[in-house]
Amino acid sequence: MYLRKILSPDYIGHFLIYTNFMSLEKLLRPIYSVFGIGYIKIGSGTFCSLLACLIILIFGENIEFFARLIILLIILPIGFMSTNFRFEKDNAELKDPNFVVIDEFIGMWIVLLIVDNSILLILLSFLLFRFFDITKLLGIHKIEKLNGSLGIILDDVFAGLYSLIIIYIIKFIF
């Protein structure tokens, strides 16, 4: 009887769906956690934002605006897909878990679109982004409440956009 049950098409189908999910989840884990940074116990979002800053600090003069924009346009849909899959499957709460930090990388990368490898501008960009990301001012709090990956990703996108505007004004004035 047991052998008949495990060899039934329904059982095999459920097993295949489960194993495909498990392999896909393992594939997506390094994406939404940005290669494990999300599993740092304290300040994982801050460390992930610093990673984006470090990339620009080291390689910034070799990565022009359009290359940065293309990187953003590649990472953004990947971020949406990886976080949406993860949380719909697990029926997790619709808030932003600590181990998901791809959103912080995306938001920080938005600010860094227009920043050269000036340490002062990178530091200011980092501080502005973290300020908006943590305080959730100017409607970001409402955006964070959106369901699934929209709320997870878009609040950081807007934090990045607000920071980008301020950095742009600073660069224009000085």
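Is Asp133 buried or exposed? At 5% relative accessibility, Asp133 counts as buried, where buried means under 20% relative accessible area, exposed over 50% and partly exposed in between, with a 1.4 Å probe and protein chains only as cover.

The structure is a predicted model, in which local features need pLDDT of at least 70 and side-chain atom pairs count only at pLDDT 80 or more, while totals for chains, interfaces and linings use all residues. Residues are numbered from 1 along each chain as its sequence is written, and side-chain values use heavy atoms, with hydrogens and water left out.

**Overall fold**

The protein chain has eight helices and zero strands; helices (H or I, at least four residues) and strands (E, at least two) are DSSP runs numbered from the N terminus. Of its 174 residues, 38% count as buried. The 16 residues of H3 should span 22 Å at 1.5 Å a residue, and the end C-alpha atoms of H3 are 22 Å apart, which agrees; the expected span is 1.5 Å times one less than the number of residues.

**Salt bridges**

A salt bridge is a side-chain nitrogen of Lys or Arg within 4 Å of a carboxyl oxygen of Asp or Glu, and by this rule the count comes to four.

| Salt bridge | N to O distance |
|---|---|
| Arg130 and Asp133 | 2.7 Å |
| Lys136 and Asp133 | 3.2 Å |
| Glu144 and Lys136 | 3.7 Å |

Salt bridges that share partners join Arg130, Asp133, Lys136, Glu144 and Asp155 into one network. Arg130 and Asp133 both lie in helix H6, three residues apart, or about one turn of the helix. Arg130 is buried. Lys136 counts as buried at 15% relative accessibility, whereas Glu144, at 22%, counts as partly exposed.

**Nonpolar core**

A nonpolar core is a set of buried Ala, Val, Leu, Ile, Met, Phe, Trp, Tyr and Cys residues joined through side-chain atoms within 4.5 Å. The largest one holds 34 residues, of which Val34, Ile102, Phe105, Ile106, Met108, Trp109 and Leu112 touch the most other members. Helix H5 (102-111) is among the elements that give two or more residues to this core, and H5 gives the most, with seven. Leaving aside neighbours within four places in sequence, Ile106 is in contact (heavy atoms within 4.5 Å) with Leu72, Ile75, Leu76, Gly79, Ile153 and Val157.

**Surface**

Phe172 lies in helix H8 (residues 148-173) and is exposed, with a relative accessible area of 68%.
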